[in-house]
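Please look over the sequence and the structure below before reading on. The paragraphs that follow lead through the places where chains meet, one interface at a time.

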Amino acid sequence: MNIMLLIQAKPDWQVLAQDAARLLMPEMLVILFACFVLVLEFMLTPEQRRWAAYLSLAGLGAAGLSLALMFVKFTTAEVGFYEMVVVDGFALVFKVIFLLAAIFTIALSIKFLDVENEQRGEYYSLILFATAGMMFMASGADLLSIFISFELMALTTYILVAYLKRDRRSNEAAMKYFLLGIFSSGIFLYGMSLIYGLTAETNLTKIADTLARLARQQAPQATGFVAMAGMIFIAAAMFFKIAAVPFHMWCPDAYEGAPTSVTAFMSVGPKAAAFAIFARIFIDGLPGLRGDLTGESFGWVGLLAIVSALTMTWGNIAALTQNSAKRLMAYSSISHAGYLLLGLIAGNETGYIGLVIYLFVYVFMNLGAWGVIVAQRRASILGERVDDFNGLIHRSPGMAVMMTIFLLSLTGIPPTAGFVGKYFLFAGLIETGNAWLIALCVLAVINTAISLYYYARFIKAMFMSDVKEEEPLALSTSLRATLVTATVMVLLVGVYPRPFIAFTENATRHLLGL
Amino acid sequence: MFLKLVWLIPALPLLSAAILGIFGRPLRWSERTISWIACGSVFLSLVITAGVFVQYRAAHWPEPYLTSEAGGFPHSFVWVPGGDAELSLGPRAGQRATFRAEWSYQVDPLSMVMMVVVTLVGFLIHVFAIGYMRGDGGFYRFFAELNLFMFMMLTLVMGSNFLMLFVGWEGVGLCSYLLIGYWFHRADAKAASMKAFIVNRIGDFGFLLAMIAVFSLFGTLQFTEVMRLAADEAYLPTEAFGMFGMASWIALGLFIGATGKSAQIPLYVWLPDAMAGPTPVSALIHAATMVTAGVYMLTRTNVIFMKSPTMMFVVAVIGAATLILAAVIAFAQTDIKKVLAYSTISQLGYMFLACGVGAFTAGIFHLFTHAFFKALLFLGAGSIIIALHHKQDMREMGGLKSYMPVTYWTFVIAWLAICGIFPLAGFVSKDEILWRAFTTEVIPGGRWFWFIGLVGVALTAFYMTRLMALTFWGSPRFVPSTQAHGLSDEPAPHEEPRESPKVMTLPLIALAVGTAVAGFVGWPPALGGSHRFERWLNPVLYRRATNAEAMAHHGATEYILMVVSTLLAAMVMAAAYHLYIHRKQTLQAIVEAIRPLYIASARKFWVDEFYESVFVRGLTLGFSRVFWRTDTRVVDGAVNGSAWFTRFSSRLSGWSDLFIVDMIVNAIGFGLRVFSVAFRAAQTGFTQNYALVITFGLLIATAAYFIWGS
Amino acid sequence: MVTEAMWTVLQQVPNQARTWQGFIDALLKKGINDFILLSFLLFAIGVAGVLTRRNILIIFMSIELILNAANLNFIAFTRYWQMSGRLSEHMGHVFTIFIIVVAAAEAVIGLGIVIALYRNRQTVAIDEIDLLKW
Amino acid sequence: MNEQILAQYHILTIVTWLPAVGAIILLFFDKRRKAGIRLFANLWAVLCLIPALFLVTYDRHLGGIQFIEDVNWIPQIGARYQLGVDGISVVLIILTALIGVIAVYCSWDYIQDRVKEYYILLLLLQTGILGVFASMDMFLFYVFWEVMLVPMYFIIGVWGSENRLYAAIKFFLYTLVGSVVMLLAILKLYFIFPEYLSQHPRSEEILRSVTVAAQMISGENESMLRMIQFAIDRAANGLPTFNIMAMQALGTARLDGQPVIPLDLQIWLFAGFFLSFAIKVPMFPFHTWLPDAHTEAPTAGSVILAGILLKLGTYGFVRFNLPILPDASKDPRVIQVMVFLAIMGIVYGALVAMAQRDWKRLVAYSSVSHMGMIMLGIFALNENALNGAVLQMLNHGISTSALFLIVGVVYERRHTRLIADYSGLSHVMPGFAAVFMIMTMSSIGLPMLNGFIGEFLILRGVFEENKLWAAFAATGIVLGAGYMLWLYQRTMFGQVTHEANKKLPDLYKREWAYFLPLVFLAFWIGLYPKPVLSYFSKPVEIIVQQVRPGYAGKELPIRAGGPSRKRAVPIAARHANSGE
C-alpha cells in the first residue's frame with residue numbers, strides 16, 4: 001500500500017536527471033565505456049583486442065577528467081537521489097583512488113592477458129563495472145545504495161577471479177571467494193536489517209540521529225543489544241571484504257588462484273572501497289556505537305582494535321614462511337588491512353588522514369609490487385614463487401630497483417610513501433593518548449619490523465641470489481609506464497607529502513564533520 | 001738557561017725515536033748513523049740534565065721548579081681540559097673543581113735523582129747496545145724503541161702531575177712490551193711481552209683508580225698541590241695503624257700500580273719472563289729504570305702513604321716477602337739472566353721494604369745504587385752472552401774469568417756491591433735500609449723486618465756467588481758453538497769466547513766506577529758522612545718528628561748491625577765459593593737433602609702455573625668461552641628442536657636458511673616461524689572451514705558484547 | 001505532505017481483519033520479537049547449511065536462506081514501524097526487492113562458476129576442492 | 001659572522017646532500033667502466049669532505065646550534081626541514097665525512113663486481129648518516145635514521161662474505177625494531193608539546209617556564225633561540241612541532257620545581273628512545289646483530305658501521321634522552337639499569353672478544369666493549385664523563401675503523417679472517433705491523449694516543465658518581481689489553497707458519513694513504529685534544545646543566561629581558577602556510 005503511495009507520488013524525473021548529471025558524471029562515463037567495451041568486443045578481430053583495453057583506459061581517463069572538474073566545482077557535500085548518493089570530499093578522494101587502481105590494473109593486464117591467451121574485452125568491461133561499483137560505494141549515503149553498489153563491485157570481482165575459466169585454480173579461487181562472499185553479504189544484510197529495524201532508517205546520517213536520540217531517551221536495553229548485533233554483523237561483512245582476521249581466510253586462496261592482474265586489482269580497489277564504506281557506515285552511521293577503550297562503554301572501536309591487532313599479527317606471521325609470492329603478498333595485504341583499521345580506531349583527523357593517504361599510496365606501492373609479479377609471468381613460467389625473483393637485478397635492474405622501492409614502501413621505510421601513511425596511522429593512535437591504543441600502536445610497529453623480514457626475502461632474492469632462468473620478463477610499454485609512475489609517486493609522496501596530505505584532507509574534513 | 005731547556009730532555013729522545021722509526025727503514029741508514037742519532041740524543045739529554053742539575057741546585061733547591069713557570073708550549077700546555085667536575089670525596093665533596101690536566105714538567109730533588117739515573121745509565125746502556133745489537137736486522141727499530149723508552153721514562157719521572165706520571169707509566173710499559181718482544185719470532189719473547197704488558201695493566205688498574213680518587217679528593221692532579229693539601233691534617237687525617245680509611249684506599253691503589261710495574265708479589269711474574277728481550281733492554285728497563293718506577297711513585301706520593309700506617313705495613317710486608325721469595329727462587333735458576341731478574345725483584349723488595357718502614361730516601365738511595373750495579377751485572381751478562389753466542393745457560397759456562405778479564409773484573413765489583421761489601425754502593429744503601437727498618441717507628445715490627453732483610457742479605461750473597469762460580473770460576477763447560485745464532489749474519493764464530501769490543505767494555509767500566517763511588521753520595525753519618533743524599537731529598541718528604549730524630553740518632557747499635565750484615569754476607573760468600581768450587585759433592589748432597597725445596601725453587605713455586613690456570617685459563621678465558629657460547633649458540637636446544645621441526649615439516653623448505661644463532665632474538669624468530677607455520681596450517685583450503693571461522697568470529701564478537709557490553 | 005494527509009484519512013477507515021495483513025498485524029501487536037526470532041532461526045539454519053553440506057549448490061541455497069532471513073526482517077520491521085505510527089515507512093520493502101534482485105544475479109554468477117568448476121574438476125563437492133591452501 | 005654567512009650558503013644542506021648528488025651522477029655511468037666509476041666516487045668523496053671541513057668555523061664560545069637552516073616541509077604536521085649543528089654534531093660530521101672518504105677509498109681493490117651499485121649505495125649511506133647528525137627536526141631525523149638502513153643492508157647483503165644474508169637481515173631487522181619504537185616516542189613528544197603549552201590547565205605558566213628554558217639552553221645564541229621560540233609560539237596556539245631543541249626546552253622546563261613532563265611519562269618515553277639507540281649502540285643484550293654485521297660486511301661497510309653508525313646510538317642518547325627527558329635520565333632506577341647494561345657490555349664484550357678465532361669478529365666484539373664504556377660515560381651524567389664519552393665516540397671511530405681496515409688489508413691478501421691462519425706477519429709486513437701496533441694501543445687506551453683521553457675522562461666522571469662502577473669499567477681496560485695484545489701476538493709475532501703468508505706484500509701506497517690520516521688523528525687527539533674538546537665542551541656543559549641543574553654549583557644564565565609573551569598566530573594558519 002505504501003509502495004503504491006510511493007509510486008503514485010510522481011518522481012521528479014527532471015530532478016533525478018539533474019542529479020545524475022551533477023553528481024554521477026564519472027560513474028556514468030565509466031559505465032558507458034564499460035558497455036561500449038562489451039559491445040566493441042564483438043567487432044574486434046583477435047589482433048585488435050587490445051583496443052578494448054585502450055578504450056577502457058580512455059573511459060577511465062574521461063571519468064578522471066570529469067572527476068577533476070567535480071573537484072573544482074564541489075566545495076561542500078552535495079546530496080542527491082533522495083539522499084541516496086552524496087558527493088563530498090571523501091567520495092571524490094576515494095573515486096580518484098579507484099580510478100587510479102583501475103587504470104593501473106588495466107595497464108598491467110594487457111601483456112598479462114596476452115601471455116595467458118585470454119585477451120578479451122569483457123575483462124576490461126568487468127573492471128570498469130567493478131570500478132563503477134566502487135565509485136558508487138564511495139558515494140553511498142544510504143544502506144541501500146551502499147548495498148547495491150557493494151554487490152555490483154563484488155559480483156564483477158567474482159567473475160574476474162574466475163576469468164581464467166580453464167584454470168582449475170582460478171575456478172577454485174572464484175568458487176571460494178564467491179561462496180564466502182555471498183555468505184558475508186548475507187551477514188551484512190542481516191546486520192543492516194537489524195539496524196533498520198531499530199531506527200526505521202536506512203540513510204546513514206538519519207540512522208546516526210536516531211541512535212543518538214535513542215541513547216538520549218535511555219531506550220530499553222534490548223535496543224542496545226540489537227544495535228550492537230547489527231553493528232557487529234555489518235562489521236563482520238566489512239572485515240570480510242578488507243580481509244581482516246578471522247574473516248580473512250578467503251584472501252590467500254583467492255589471491256593465489258585469481259589471475260595475477262585481478263589479484264592486483266582486488267588487493268587495492270575493492271579493499272579501498274570496503275574501507276570507504278566501512279568509514280562511511282561506522283563514522284557517519286554508527287558514531288554512537290563507537291564506544292571507547294576506557295571500559296565505560298563498549299563499542300566498535302574495541303572490536304576494531306582487537307581485530308586490527310589480530311590481523312596485523314596473523315597476516316605478518318603467516319607471511320613469514322610463504323614461498324609463493326602471490327600468497328605472501330596476500331598475507332601482506334591482510335596485515336595492511338590491520339594497519340588501515342588503526343585509522344578508524346584512532347578516530348581523529350590524523351588517523352583519518354592516515355587511512356585515506358595510506359589507501360592512496362597503497363595503490364601505488366601495492367600495484368607496483370604486483371606489477372613486477374605480473375611481469376614475472378611468462379609463457380612457460382608461472383613466476384609466482386619468491387625464488388623466481390632470483391637475480392632479477394642482473395636481468396632487469398630497473399625492475400629490481402623499483403620492486404625494492406615498493407617493498408620498502410610497504411614496510412614503511414622513509415622516504416617512501418608507505419612511511420607517510422604509517423606515520424599518520426601511528427600518530428593518530430598516539431594522539432589519543434589512550435594506553436591501550438598506544439599498546440596497539442607498539443604492536444603495530446613491531447609488526448612493521450616483522451613484515452620487513454618477508455619483504456626482504458624478495459630483496460634478497462633479487463639482489464643477493466644467482467639468476468635461476470634467463471627468459472626475459474614479460475614487459476610492455478604500459479606495464480613499464482605504470483611501474484615508473486608508481487615508483488615516482490611512491491618517492492614523491494614520501495619526500496614531499498605536503499600536496500598529497502592536503503588532497504586527503506578533502507576526505508577527512510568530511511569524516512570529522514567539518 | 002738549562003732550566004728553560006728542561007722540556008728538551010725527554011723531547012730529544014722522542015725526536016730521535018720518531019726519526020729512526022719513520023726513516024730508519026726506508027732510508028736504510030747504516031748502524032753507525034743510527035747509533036749516532038740514538039746515542040747522541042740521549043747524550044744531549046744527559047748533558048742538559050747535568051746542566052739542569054747544577055742550575056737547579058744553585059737556584060731552586062729545595063723548591064720544585066715547574067716548567068709552566070717558563071711559559072707555554074713547548075714548556076707546558078693544557079693537555080686535557082675535561083670540564084668542570086664535583087669533588088666526591090673528602091671534606092670538600094660537592095664543590096666544583098675544574099679538570100684541567102697540564103702537560104708540564106717538574107724538577108725537584110726526587111725527579112732530579114731519577115733524571116740523572118735515567119739519562120746516565122740510559123746513555124751507557126745505549127752505547128753498550130751498539131755493540132750488543134751489531135748485525136741485528138732490526139737495528140733501527142731497536143734504537144727507536146729504546147729512545148722511545150727514554151722519552152717515556154723521562155716523562156714518568158719529570159711529569160708534574162699524576163696524569164703525566166701515568167703517561168710515562170703506561171708508555172714505559174709499552175716500550176717494555178715492544179722491546180721484550182723485540183725478537184718476536186721467538187715464542188718465549190712473544191709470550192713474555194704480552195704477559196708483561198697485561199700484568200702491568202692489572203697494576204695500572206689500581207693506579208688509575210687511585211689517581212682518579214686523588215682528583216676526586218683534592219680537585220687537582222698536580223703533585224705540588226696534591227702533596228700540599230694532603231699534608232694538611234684537616235684534609236687527609238692520619239690514620240691509626242689497622243685503620244683503613246681514605247688515605248689507605250688511595251695508597252692501596254697506588255701500591256697495586258707499583259707492584260705491577262716494580263714486580264712485587266703478587267704481580268712479579270712478568271719480570272723473569274721479560275728476560276726474553278735483548279740484554280741491554282733487560283739492563284735498562286728491567287733492572288735500572290723502569291722497574292724502579294714503583295719506588296719512585298711511592299716516594300712521590302709519600303705524603304699519602306705516610307698518612308696510612310696500615311698501607312705502610314702492607315708495603316713493608318710485600319717488600320719483605322718479595323725479597324725473600326725472589327731470592328729463594330734465584331737459587332735454582334740456571335739461566336744467567338733469570339738469576340739476575342730474580343735478583344732485581346729481590347732488590348726491589350728491599351726498596352719497598354724501605355718505603356714501607358718510612359725510609360723513602362733509603363729506598364730511593366738503593367734505587368740509585370742499584371741502577372748502577374744491576375745495570376753493570378746485566379751488561380756483564382750481556383757481554384758474556386755475546387761472547388758465547390747467545391748462550392744463557394750457566395751450566396754451559398764456567399771459567400770465563402781468563403777469557404774476558406774486563407767483564408770479569410767489572411762483574412766482581414758489581415758482585416761485591418750487591419752482596420753488600422764495604423764500601424761499595426750496595427753496602428751503603430742496603431745498610432741504610434736495614435738500619436731504618438730496625439729503628440722504624442712508622443710501623444710496628446721493625447726488628448722483624450730487619451731480620452728478614454738480613455736473611456735476604458745472606459740469600460743474595462749465596463746466589464750471587466753461585467752465579468760467579470758457575471760463570472767465571474771453575475773450569476769451562478761451554479762447547480764452542482759451531483753455528484751462528486739465529487739472527488746474526490755473522491759467519492761462524494771463533495772457537496773460544498773473546499772479550500767484547502770497547503764499545504761494550506767502556507760502559508762496563510764506567511758503570512763499575514759508578515758502582516764503586518755511588519755510595520759516597522749518601523755516606524751515612526755513622527761512618528763520618530753527612531747523608532747528603534737524604535738531605536737532598538728531604539724537601540719532597542712528608543716530615544714527621546720521628547723521621548728527623550731517626551736521622552740524627554745513631555750509635556753503637558748501628559755499627560753492630562753494619563758489622564753483622566757485612567760479616568754475614570762475607571761468610572755466606574765464602575761458604576758458597578767453597579761449595580761451588582771445591583765441595584761439589586757436599587753441594588750435591590745438600591741439594592739432594594732439600595730436593596723438594598730445590599725443585600720448588602727451580603719451578604718458581606709454580607706461581608706462573610697457578611696464575612695461568614686460575615686467572616688466565618680459569619676465570620678469564622673460561623668466562624670468555626662461556627659468554628661466547630651464550631652469545632652464539634645458547635639455544636642449542638632450540639637449534640636441535642628446529643632441526644627436528646624441519647624434518648617434521650620438510651615441505652616447508654627454505655625456512656632454515658636463516659636460522660637461530662642468538663638466544664632471545666632467534667627464539668623469537670623461531671617462535672614466529674612456528675606460529676607462521678601454524679597460522680598457515682589453519683588455512684586448510686576447505687571453504688567450509690573458512691566459513692566456520694567466520695561464523696565463530698561473529699559468534700564470539702557478539703557473545704563478548706552481550707556479556708560485557710551492557 | 002501528500003502521503004501524510006492520505007494516511008490521516010485512511011486511519012479513520014475501520015481495520016479490515018481476516019486478511020494476511022491483518023494476521024501479521026495481529027502478530028505484530030504482540031511485539032516484533034517473534035519475527036526477529038523466526039528470522040534468526042532462518043539465519044541459523046542457513047549458516048548451519050553452509051557449514052555442513054558438501055554440495056556446493058545446497059550451500060548456495062543455504063545462503064539464500066540467510067538472505068531471506070534478512071528479507072523477513074526488513075519486511076517485518078517495515079510493517080512494525082508502519083503500525084507504530086511511521087506511516088510512510090517503506091525502505092524495508094524496497095530493500096527486500098533489491099535483495100531479491102541481487103540474489104538472482106548472484107545465482108547466475110554462482111552457477112556459472114560452479115559449471116566452470118565442474119567442467120574442470122568433475123565435482124561439486126566442496127571438500128574436494130582444496131587445491132589452494134597454506 | 002662566519003657562521004651566519006655559511007648558513008646563508010646552506011652549508012649543512014651541501015654537506016648532507018652532496019654525497020647523494022654524487023650517487024645520482026653515478027647512476028648515469030656505464031656500469032662496465034669500473035675504473036671511471038671508482039675514480040669518480042673517490043674524487044666525489046673527497047669533494048664531500050671539503051664542505052664538512054668548513055664546519056670547523058663553528059663558534060665555540062657562542063655554543064648552541066649554529067648554521068641553522070629552516071624550510072617549511074610538511075606544514076600539515078609541522079615537520080620542517082631544519083638543519084643545525086652543535087659542537088658534538090660538528091665533530092661527528094667531520095668524522096663521518098672523513099671516514100666516508102676512507103671507506104670509499106679502501107674499496108678500490110676490494111670491490112670488483114657491481115661497482116657502480118656499490119658506490120651509489122655508499123654515497124647514499126653517507127647522506128643518511130650526515131643527515132641524522134645535522135637534523136634539528138625529529139621527523140627529519142627519523143627519516144634519515146631509517147634511510148641509512150637500506151644502503152647498509154645492501155652493502156652487507158651483496159658485498160659481504162659467506163654469511164652475509166643472515167647478517168644483513170639481522171642488522172636491518174634489529175635496527176628497524178628499535179627505530180619504529182622510537183617513532184612512537186617521538187610522536188608522543190610531538191603531541192604532548194602543544195598540549196602542555198596550550199591545553200594544560202596551567203599552560204600559561206608552562207609556556208613561561210619553557211620560554212625561560214629555551215633562553216637558558218640557547219645562551220647567547222640568537223638564531224637558536226629564534227628557532228626554539230618559533231616552535232614555542234606555534235605550540236602556544238596548539239600547533240605541534242618536531243623541533244628537537246624546543247623539546248629540550250620542554251624537558252628542561254620546571255613547574256613548581258617539578259618537571260613539566262611527568263616522571264612516569266618520561267620513563268616510558270625514555271624506554272622508547274632507549275630501545276632504538278641501545279640497539280644502535282649496541283648495548284649489552286641488544287648487541288648480537290653487531291658481530292654478524294661487522295664480520296660479514298665488506299671492509300668499507302665495517303668501517304662505516306663501527307666508525308660512524310654506532311655513534312648514532314650514543315649521539316641519540318646525548319641529543320634526545322638526556323636533555324629531553326632529564327628526570328628519567330637521572331632517575332636512580334633508570335641509571336641503575338643503564339649502568340648495569342653498560343658495564344655488562346664492557347666486561348662481556350671484552351670477554352667474548354677474547355674467545356674469538358675470527359680476527360674481524362674479535363674487533364667487532366671489542367666495539368661492544370668500547371661502546372659500553374661510552375654509554376657508561378654518558379650515564380655518569382657529569383661533564384667529565386660526557387666530554388670523555390663524546391671524545392671517545394670520535395676515538396672509537398678512528399681506532400676501530402683503522403682496526404677494520406687492518407683486517408681488510410690482510411683479508412684482501414689472504415681471504416681468510418681466521419687468526420690461526422696468520423702468524424709472524426711482522427716479518428713480512430713491518431709497516432703494517434707498526435700501524436696495527438699504533439691502532440691497538442689507541443684501542444686499549446694507551447696514553448698519548450686518543451683512546452686514553454676519552455677513557456680517562458669517562459672513568460674520572462664515573463668515579464665521581466660511583467666508585468664501584470669505575471672499578472668495573474677499569475677492568476674493561478685490563479681485559480681490553482688482554483684480547484687486543486693476544487690478537488697482536490697471535491697474528492704479528494712468532495714465525496711465519498703459513499706458506500701463503502711468506503710472500504705477503506707490505507702496505508701499498510694506497511693503504512698508507514688511508515691509514516696515515518687515522519694515525520695522525522690518533523696522535524693528535526692523544527697529544528693535544530684541547531681543540532677537539534673545545535668544540536663540544538660547551539654543549540656538554542649545557543646538557544649536564546639540563547639534566548642536573550646546578551651541577552658543580554653552576555647555573556645556566558637567563559638572558560636579560562625576561563620571557564616573551566604568547567604571540568597570536570591564527571589557528572587557520574594550520575592548514576595554510578603555517579610557519580613560513
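Chain B and chain D bury about 5,600 Å² between them, 71% of it on carbon and sulfur atoms; buried area here is the accessible area, taken with a 1.4 Å probe, that two parts lose on being put together, summed over both. The size of an interface is often given as the accessible area lost when the parts come together. This is a predicted model, in which local features need pLDDT of at least 70 and side-chain atom pairs count only at pLDDT 80 or more, while totals for chains, interfaces and linings use all residues. Residues are numbered from 1 along each chain as its sequence is written, chains are lettered from A and ligands numbered from 1 in the order in which they are written, and side-chain values use heavy atoms, with hydrogens and water left out.

Of the five pairs of chains in contact, chains B and D share the most contacts, where contact means heavy atoms within 4.5 Å. At this interface, 60 residues of chain B are in contact with 66 residues of chain D. The rule finds one salt bridge across it, a salt bridge being a side-chain nitrogen of Lys or Arg within 4 Å of a carboxyl oxygen of Asp or Glu. In a salt bridge between these chains, the side chain of D:Lys554 meets that of B:Asp84 at 2.5 Å, N to O.

Which elements of chain B supply at least two residues each of the side that touches chain D? They are β2 (76-86), β3 (96-104), α4 (139-158), α5 (162-180), α6 (187-218), α25 (607-633) and α27 (663-682), where helices (H or I, at least four residues) and strands (E, at least two) are DSSP runs numbered from the N terminus. The largest share of that side, 16 residues, comes from α6(B). By class, the side of chain B that touches chain D has 39 nonpolar, eleven polar and ten charged residues; Ala, Val, Leu, Ile, Met, Phe, Trp, Tyr, Cys and Pro count as nonpolar, Asp, Glu, Lys and Arg as charged, and the others, Gly among them, as polar.

Within chain B, the axes of α5(B) and α6(B) come within 8 Å and cross at roughly 175°; axes are lines fitted to C-alpha atoms, for helices over the stretch in contact, and angles run from 0 to 180 degrees between N-to-C directions. The two helices are therefore roughly antiparallel to each other, a term for angles over 145 degrees. Among the residues making this contact are B:Phe166 and B:Trp169 of α5(B) and B:Phe197 and B:Phe207 of α6(B).

Chain C and chain B bury about 1,100 Å² between them, 61% of it on carbon and sulfur atoms. In chain C, C:Leu51, C:Ile126 and C:Trp134 lose the most area to chain B, together 59% of what that side buries. Zero salt bridges are found across this interface, and three residue pairs are in polar contact, both residues at pLDDT 80 or more.

No contact joins chain C and chain D, whose closest C-alpha atoms lie 25 Å apart.

Methods:
Parallel < 35°, antiparallel > 145°, perpendicular 65-115°, else oblique. Polar contact = N/O pair within 3.5 Å; in protein donor to acceptor, adjacent residues only side chain to side chain.
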